[in-house]
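Subject: Structure handover

Hello,

Here is the structure I promised to pass on. Please open it first, then read the notes below.

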Amino acid sequence: MWRWRYVSGRQLHGFRHYKYSAVDTNPLSVYIMQPIWNKIIKIVPLWIAPNLLTFSGFVMILFNYFLISFYDWDYTASGTSPGLVPTWVWLFSAFTTFCAYALDSIDGKHARRTQSSTPLGELFDHGLDSWATSIFVLSFFSVCSRDNGKTGVSVYTMYIYLSIVLFNFMCSHWEKYNTGVLFLPWGYDISQVVLIAAYLLTGTVGVEVWQKPLLFGYYITDVLVILLIVFSLFLSFPQTLYNIHRAHLKKTLKNDSLYEGLLPLVSPLLLFILLTVWVVLSPSNILAKQPRLFLWMVGVAFSNVICKVIICQMSSTRPELFHWFLFPLALVVYAAISGLLGRMEEAVLAVFTILVTAAHVHYGVCVGRQLSEHLNIYIFSLKKRVQE
């Protein structure tokens, strides 16, 4: 079951020649956070594998997500029953977010410190990041709550917000696919600090702070959405295009043709087109009925699509034109918007979400095992494998 070989022989060969290259120009990261991480890394025992740090951070945010979901499944608790989510949950959210942020920031440092940097470590890190990105956002939605007629944000705003965040993540790795360099996005460090501050504010003041106008009739959530859109569309995406253009002028692009350069964008964009069609044309208004389930499915599907792009980028191979997730998703969307599912739409969404999640976990485990065997290393140990 766990021996499925998702990574081709050509891709495995490409991983052997991969070298990590990244640029971090964010002042918040360079001048504030990095000195903090450099001190924290000193207390990590040398026998701990870097991937164990990465996975521990992911488990923490996953546990935090399910904890919040227990108290606030439909994103209404903060708006209709402010005391339903205990104060300690928000403070725990701040703690887990900081820990996950720290572990994700020091795992690479620890790998270099223990001389255990491998392509598998980077793939493991970025693969979990592609999933964690959506989980961070979905957890935050419980703070501001969904629209109740007076305060909160609509489920459609949540979908747009999540789509923009995932779009930024996609652009970072599309940029690396073409330039060979990961230009670390400024938004990551800023978003983590904002998230931690938001949880601390909610835990100390209460969710009511999100339900009062901040300035000129705008709420804090309105300001955050506006800043996200401005930062993404007018700063982050233009910077991505500029970096690719600059690599083109320097003749350092990894892909010569326009088709090759744009190929990694096809499946992610088709994925969001299909999902948006389902959201807009759903006869039962599926997003409003099951926002947490639908948005979770969006994040998982996106993560699997991007993981394949990351593997192609690291192994210098061509990504597939159409990800296989698109075909069953297209069938489900067609059945839903045509009315064939009828009252079964919610049930089908639940089954589809479970299958997509199971498929993604299976993919991650199998790829990890395959690469660890190929590189003769263990995922969660610094010991070398004994070659048979």
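A nonpolar core here is a set of buried Ala, Val, Leu, Ile, Met, Phe, Trp, Tyr and Cys residues joined through side-chain atoms within 4.5 Å. One caution: the model is predicted.

The core. The largest nonpolar core has 107 residues. Six of them touch the most other members: Phe 140, Phe 141, Tyr 159, Leu 275, Trp 278 and Phe 294. Helix α12, residues 291–315, gives the most to this core, with 15 residues.

Trp 278. Leave aside its neighbours within four places in sequence. Trp 278 then contacts Ile 286, Phe 294, Met 297, Leu 329, Val 332, Val 333, Ala 336, Ile 337, Glu 345 and Leu 349.

Gln 290. This residue sits in the loop between α11 (286–289) and α12. Is Gln 290 buried or exposed? Its relative accessibility is 17%, and buried means under 20%, so Gln 290 counts as buried. Beyond four places in sequence, Gln 290 is in contact with Trp 73, Glu 346 and Leu 349.

A helix pair. Helix α3 (residues 50–71) packs against helix α6 (residues 119–144) at an angle of about 20°. Their axes are 10 Å apart. Angles under 35 degrees count as roughly parallel, so α3 and α6 are roughly parallel to each other. The crossing of α3 past α6 is left-handed. On α3, the contact residues include Phe 55, Phe 58 and Tyr 65. On α6, they include Phe 124, Trp 131 and Phe 136. By class, this contact has 14 nonpolar, six polar and one charged residues.

Best wishes

Key:
Residues are numbered from 1 along each chain as its sequence is written. This is a predicted model: local features need pLDDT of at least 70, side-chain atom pairs count only at pLDDT 80 or more; totals for chains, interfaces and linings use all residues. Side-chain values use heavy atoms; hydrogens and water are left out. Axes are lines fitted to C-alpha atoms, for helices over the stretch in contact, and angles run from 0 to 180 degrees between N-to-C directions. Helices (H or I, at least four residues) and strands (E, at least two) are DSSP runs, numbered from the N terminus. Angles under 35 degrees count as roughly parallel, over 145 as roughly antiparallel, 65 to 115 as roughly perpendicular and the rest as oblique. A crossing is left-handed if the near helix is turned anticlockwise from the far one by less than a right angle, and right-handed if clockwise. Contact means heavy atoms within 4.5 Å. Ala, Val, Leu, Ile, Met, Phe, Trp, Tyr, Cys and Pro count as nonpolar, Asp, Glu, Lys and Arg as charged, and the others, Gly among them, as polar. Buried means under 20% relative accessible area, exposed over 50%, partly exposed in between (1.4 Å probe, protein chains only).
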